[in-house]
Amino acid sequence: MRQVLQWLDTGKVELREIPVPEIGPRQLLVESRASLVSAGTERMLIEFGRAGLWGKVKSQPERVRQVVDKIRTDGLGPTLDAVRSKLGEPIPLGYCNAGIVRRVGAEVTGFRVGDRVATNGAHAEWVRVPHTLAAKIPDGVSDEAACFAPLAAVALQGIRLAAPALGETVVVVGLGLVGLLTVQLLRANGCRVLGVDLDPDRRELARAFGAKVLSGDGAAQVAAVHEATDGFGADAVLLTLSSKATEPVNLAAAMARPRGRVVLVGVTGLELDREPFFRKELSFAVSCSYGPGRYEAEYEAGHDIPPAHVRWTAQRNFAAVLDQMAAGGADPTRLISHRIPFAEADRAYDVITGDAKSLGVVLEYPVDAPAANRVERVRRAGATSGSLVAGVIGAGNYARRTLIPLLGEAGFSVRTVASTGGVDAALAAELADAEVVSSDVHAVIGDPAIDTVFVLTRHASHAARAARALEAGKHVFVEKPLALREEDLDRLEQLAAEEKGLLTVGFNRRFAPMTEALARQLADRSGPVSLLIDVNAGALPREHWTRQLAEGGGRIVGEGCHFIDLARALVGASIVSLTATGAADRSGRLVDDVAHLALRFADGSIATIAYYSNGARSYPKESIVCAADGASYTIDNWRGLKSFGRGLTGPRLPARADKGHAAELRRFAEAIRAGEPPIPYAELFEVSRWAVRAEAELRGAE
């Protein structure tokens with residue numbers, strides 16, 4: 001299938017051939033019939049991409065502080081690499097789609113194959129969406145009208161926040177697509193509507209939809225509102241424009257009656273003049289997209305919110321605007337200025353960024369688009385002699401930005417990259433110069449041409465996929481953690497002992513040059529080691545998947561395992577005990593990603609791992625302090641190893657931060673050829689078990 005992608009570094013838009021995505025249990029697979037190009041959001045993205053670096057900085061000044069903090073902690077080189085990587089990847093465009101359901105997830109109710117639906121799917125011939133962001137299209141509503149549903153839901157959510165009553169006067173400032181849809185829905189709600197816009201053609205459309213149009217400068221518009229309301233003022237003002245100026249929100253305050261409502265649906269400056277808001281006791285709200293549920297992880301994973309708790313979710317807003325279209329209360333087709341075949345999708349962006357006037361630009365899709373879940377690629381270079389043939393399952397940020405670019409130099413030739421989401425798989429396959437890109441993750445394990453499988457998916461799937469690959473006789477690299485439960489570790493340990501293939505885990509820090517240098521310093525010690533590992537992990541929302549037990553297992557088992565393994569590698573003795581102490585908020589609820597782990601080792605050494613998410617971004621992410629036999633050592637965020645009381649021996653260390661990823665992959669390739677695991681199984685499973693137990697101890701105290 002084909003999908004529209006845009007590169008953030010250049011603004012280039014192209015149709016890319018990718019596999020049709022696989023759906024999960026609460027998702028739908030939809031064959032597209034029409035999609036709407038958002039003249040606001042998508043034009044902004046195109047203009048951002050086409051701007052130079054300085055233009056990008058000016059448009060997102062809030063990102064500058066993050067970049068400066070990263071330079072301070074990680075250094076200039078790694079920061080520039082991260083910025084280039086972020087800007088060098090394309091993003092999918094589009095969020096207003098209509099099509100036909102072709103597959104239904106096992107846990108979805110209320111939809112069946114053949115239903116016509118409006119969704120927030122991208123510009124693609126096939127889209128995968130959660131069922132909570134889809135609504136059935138009523139008979140009599142065309143596909144091209146229905147694809148306006150998400151944008152109309154944006155308008156409706158703003159109206160819901162304004163809560164207008166029958167007969168009230170509402171001013172709509174900004175008569176683009178959202179503003180004109182707002183006018184229609186307000187009129188259907190029995191409101192008197194006053195419209196404001198600089199464009200005379202849009203004012204004429206608003207007038208045709210039943211609005212009274214205001215002209216002149218701001219003062220004239222305010223006067224006209226008061227004249228139209230007998231000096232009372234508007235009951236509500238909806239700001240549906242895109243502007244950096246603060247004037248619109250202060251004009252809205254001047255237009256509103258005492259105790260009126262002002263709702264920001266679009267974008268505007270927010271340097272509010274307090275006096276009118278205070279004097280009139282105005283209500284001010286900012287509307288969030290389609291409505292409740294949007295940007296909420298659980299809802300967008302397909303878990304609905306019952307109507308008794310939230311009457312109008314994003315999905316129910318979709319359904320409401322579609323019903324209005326069926327009843328004649330809204331007619332989006334009158335807003336269409338261009339209809340463009342999907343094969344010419346790049347032309348749509350020339351239209352919305354060009355000088356000629358445009359409004360609603362609709363992409364029209366071919367019937368019966370190919371639905372292959374596998375795409376063959378023409379490789380830039382063939383496999384080198386002696387290369388190990390790899391299949392990669394998972395194509396997220398870690399896979400694309402860290403691991404995949406290193407596989408070739410480590411001795412792996414990638415045959416297949418597979419991910420249930422087609423776009424990520426296609427991008428990763430290009431980086432890996434793979435032969436095949438697929439959305440069928442099971443095909444990797446079943447391919448006899450592949451001898452090594454890399455499992456780079458979300459944590460809950462690691463153990464099962466690693467087990468299937470070992471059973472199939474493959475060598476397996478599992479990005480940490482190896483498993484979330486001890487019973488899964490037992491099964492994997494049994495399979496590893498059968499020696500059908502080698503198993504390793506992505507504990508890269510033990511292979512870092514500074515770790516190996518410090519381990520050499522400690523190798524001939526006579527007394528115990530005292531080790532402190534400080535991990536300034538950074539905050540993640542409570543709903544982030546890594547913090548959910550079912551999917552991520554929690555941050556201690558999911559990421560803290562790295563540092564348990566680091567301590568194990570430095571001390572060189574088995575762990576005999578681990579005590580986990582978690583922080584709590586003032587209500588006594590566990591803060592699951594702020595914890596101290598206290599480790600004891602068989603040789604009497606001790607280690608403390610301080611893992612926390614509540615530190616400053618500008619503070620180094622990882623610091624290690626080690627003491628043994630009268631000498632002290634520090635590793636500062638992998639940028640330098642210092643010794644005190646004893647000189648460093650061995651090869652010169654790299655000046656650039658190196659967390660061991662490249663060395664880890666080289667050792668894995670060497671281990672496969674030698675027939676010995678790069679991390680002894682006793683250590684690998686020991687560390688993994690203690691990580692699982694640490695998370696369980698923390699959660700048990702909750």
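The talk below turns to helix packing and salt bridges.

Modeller: This is a predicted model, in which local features need pLDDT of at least 70, side-chain atom pairs count only at pLDDT 80 or more, and totals for chains, interfaces and linings use all residues. Residues are numbered from 1 along each chain as its sequence is written, and side-chain values use heavy atoms, with hydrogens and water left out.

Biologist: Which residues of α6 and α7 make the contact?

Modeller: On α6 they are L151, A152, V154, A155, L156 and I159, and on α7 they are L177, V178, L181, T182, L185 and L186. Contact means heavy atoms within 4.5 Å. By class, this contact of α6 with α7 has eleven nonpolar, one polar and no charged residues. Ala, Val, Leu, Ile, Met, Phe, Trp, Tyr, Cys and Pro count as nonpolar, Asp, Glu, Lys and Arg as charged, and the others, Gly among them, as polar.

Biologist: Why do the side chains of R2 and E125 count as a salt bridge?

Modeller: A salt bridge is a side-chain nitrogen of Lys or Arg within 4 Å of a carboxyl oxygen of Asp or Glu. For R2 and E125 the N to O distance is 2.6 Å, so the pair meets that definition. R2 lies in strand β1 (residues 2-7) and E125 in the loop between β6 (116-119) and β7 (126-130), so the pair ties together parts that are 123 residues apart in sequence.

Biologist: Are R2 and E125 buried, exposed or partly exposed, and how do you know that?

Modeller: Buried means under 20% relative accessible area, exposed over 50%, partly exposed in between (1.4 Å probe, protein chains only). R2 is at 25%, so R2 counts as partly exposed, while E125 is at 3% and therefore buried.

Biologist: What about E435 and R415?

Modeller: E435 forms a salt bridge with R415, their closest N and O atoms being 3.0 Å apart. At 26% relative accessibility E435 is called partly exposed, whereas R415, at 18%, is called buried.

Biologist: How many salt bridges does the structure hold?

Modeller: The structure holds 51. R542, R547, R555, E559, D592, D593, E695 and R699 are linked in a network of them.

Definitions and conventions:
Helix = DSSP H or I, 4+ residues; strand = E, 2+ residues; numbered from the N terminus.
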